[in-house]
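Visitor: I am new to this structure. Could you take me through it in questions and answers?

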Amino acid sequence: MVVAAAALTLSACGGSGGDSGKDDAPKAKGPDLKGQTVSVAAVWSGPEKDAFRKVLDAFEEATGAKVTLVPAQDPIIGFLESKVAGGGQPDVAMLPQVGAIEQAVANGWAKPLGKDAQAALKENYSEGWADLGSVDDTPYGVYFKAANKSLVWYNTSVFENAGVEEPKTWDDFLKAAQTVFDSGVTPVSVAGADGWTLTDWFENVYLSQAGPEKYDQLAEHEIKWTDPSVKEALETLAGLFGNKDYLAGGQSGALQTEFPASVTQTFTGGDQPKAGMVFEGDFVSINIGQTDAEIGTDAKVFPFPAVGENSPAVVGGDAAVALKDSKGAQALLTFLAGPESAEIWAKEGGFISPNKAVDTAAYPNDVQRDIAEALIAAGDDIRFDMSDQAPQAFGGTPGKGEWKALQDFLKDPEDVAGTQKALERAAAAAYKE
C-alpha cells in the first residue's frame, strides 16, 4: 500500500518464517539512504531482538541505509537520559509506555512525525492508537508492537471434561469456575506474587464495569481511588479472589505464585493441572511454549468476560519515536507504520500488531490470529494499561503503591474500604511528586 510519495512499498518474494499463505520475506523500495546510518534503541532481547532485527534488515534492503540496533536497559527513559546528555542519543527509540512518550516530549527529546509517517499512521491505524502516540494532539509515536491484555487462557481438556463453554460475561465466568471446581480441578491460576498482574485484573474489570470515561479519569487521578466506581470493581473482583476454592493454592498460594509459574501450572499435568484457566495478555503464549501443551489444541483463549455492557480492551505496546530530526529516522517511522514491516515479525510469532492493514494470514496460528483480530476489532475503544500511565512510584514499583495495595487485597478481599484508602494514599503521594 502506498500512503505517500516517499512511503515505502513492498512486494513479496522468497524468504523464511512461518507459514502465512504468502511468500515470506518482502523486498522493499524506499527513499535512497545509501551511506546513512540509523540507530534504534530497544530493550528487546533474545527472540524478540532477533525478530526485530529481521524487520530492520528489510528496511536496510529497502533504503540502502545501515541500521544499528542499540541494546537499552529498562527503564529506557533513564538509559536515554544519559545518552542525550552526552549527545549520543539514537535516531529512534522504541518506548514501551504512554508515559515514556510524554516524558520524551516534555524533555524536548522527541521529534514529531513527518508528513509521510503521519499519512501512513492515518491510513493504517485506528484513531485510538494514533492518540496513544500523540501529545497535545501532535503525533510523535508509531505503535509497532502491541499487547492484548484482555485475555483468559484455558486448558482445553479441563473445559471438555467439565462440559463448560467459553464464558462471555463475568457471571458466566464465575459459573464456569464453579463447574470446573466441581469437576475436580481448581479453576483459576493467579500470579499474586507479581503485583502487575493484579493491576491488570483490576483494570479489565474496571474498564468493562465503569466505562472508558471513568477509566481515563482514574488513570489521570482526576477522581480518587475512594470513588464508588472503584468500590464496585473491587467488590466484583472479590467475587473471585474471595473464594479460596477458585484460586490455585488459595489466596496464600496465589500470593506466592509468580507469573511464569501461573501459566505453566495451568498447562502441565494433563487433564489434572493445578488450575484450568490463567488470565494475562498474548505474551502468555511464550510461557505455554515452555510446556508440552500445543497452542490451539491443548491451550486456547477467550476475551476477558464482560462485567458491564462490553468486554474490555486493555492494551500495552511499544512505540517508535524519533529522537533526531533526520531523513533516516522519519523513513524508518514510515516503514514501521506500514503493514509489511509488522508482517515480517508476525511470521516469527510472539507478536501482535495494532496495524489494521496487516494481513492476518501472516500470524503463525489461529490463536494468535484471533487475538490480533480482536485487538483490531476493538478500534477506538482500547485503553492503555492504567498502571503504565501512572507515576512509577504508584503503578510500577514492587512492594509499593498499587502493587502492594492489591496484593494486600488479594490476601483479604473483604477489606474493600481499606484497600481503597491505601490506594488513594499511595496515588495522592505519587501524583503530587
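**A guided reading**

Guide: Thr266 sits in the loop that runs between helix H12 (259-264) and strand S11 (277-279); helices (H or I, at least four residues) and strands (E, at least two) are DSSP runs, numbered from the N terminus. This is a predicted model in which local features need pLDDT of at least 70 and side-chain atom pairs count only at pLDDT 80 or more, while totals for chains, interfaces and linings use all residues. Residues are numbered from 1 along each chain as its sequence is written, and side-chain values use heavy atoms, with hydrogens and water left out.

Visitor: Is Thr266 buried or exposed?

Guide: The classes are buried (under 20% relative accessible area), exposed (over 50%) and partly exposed (in between), with a 1.4 Å probe and protein chains only. Contact means heavy atoms within 4.5 Å, and Thr266 touches residues including Asn155, Ser189 and Pro273. The relative accessible area of Thr266 is 0%, so Thr266 is buried.

Visitor: How many of the residues of H15 are buried?

Guide: Among the buried residues of H15 are Pro339, Glu340 and Trp345. The helix is mostly covered, and the count is eight of its eight residues.

Visitor: Which kind of aromatic pair do Phe144 and Phe351 form?

Guide: Rings of Phe, Tyr and Trp (its six-membered ring) pair if their centres lie within 6.5 Å; planes under 30 degrees apart count as stacked, over 60 as edge-to-face and the rest as tilted. By this rule the model has 27 aromatic pairs. For Phe144 and Phe351 the centres are 5.4 Å apart and the planes 50 degrees apart, and the pair is tilted.

Visitor: How many residues apart in sequence are the parts that the pair of Phe144 and Phe351 ties together?

Guide: Phe144 is buried at 1% relative accessibility, and Phe351 is buried at 0%. Phe144 belongs to strand S8 (residues 141-148) and Phe351 to the loop between helix H15 (339-346) and helix H16 (366-377), so the parts tied together are 207 residues apart.

Visitor: Which domains does the assignment of the protein give?

Guide: The bounds come from an automatic or database domain assignment. The centres of the two, taken over C-alpha atoms, are separated by 29 Å. The assignment gives domain 1 (35-146 + 314-382) and domain 2 (150-311 + 397-429).

Visitor: What is the area buried between domain 1 and domain 2?

Guide: Buried area is the accessible area (1.4 Å probe) that two parts lose on being put together, summed over both. In domain 1, Val314, Val367 and Ile371 lose the most area to domain 2, together 65% of what that side buries. Carbon and sulfur atoms give 70% of the area between the domains, which is about 850 Å².

Visitor: How many salt bridges does the rule find across the interface of domain 1 and domain 2?

Guide: A salt bridge is a side-chain nitrogen of Lys or Arg within 4 Å of a carboxyl oxygen of Asp or Glu. Across the interface of domain 1 and domain 2, the number found is zero.

Visitor: Where does Ser326 lie?

Guide: Ser326 is partly exposed, with a relative accessible area of 22%. The C-alpha atoms of Ser326 and Val92 are 9.8 Å apart, though the two residues are 234 residues apart along the chain. Ser326 lies in the loop between strand S13 (314-322) and helix H14 (327-336).

Methods:
Lists of a residue's contacts leave out its neighbours within four places in sequence.
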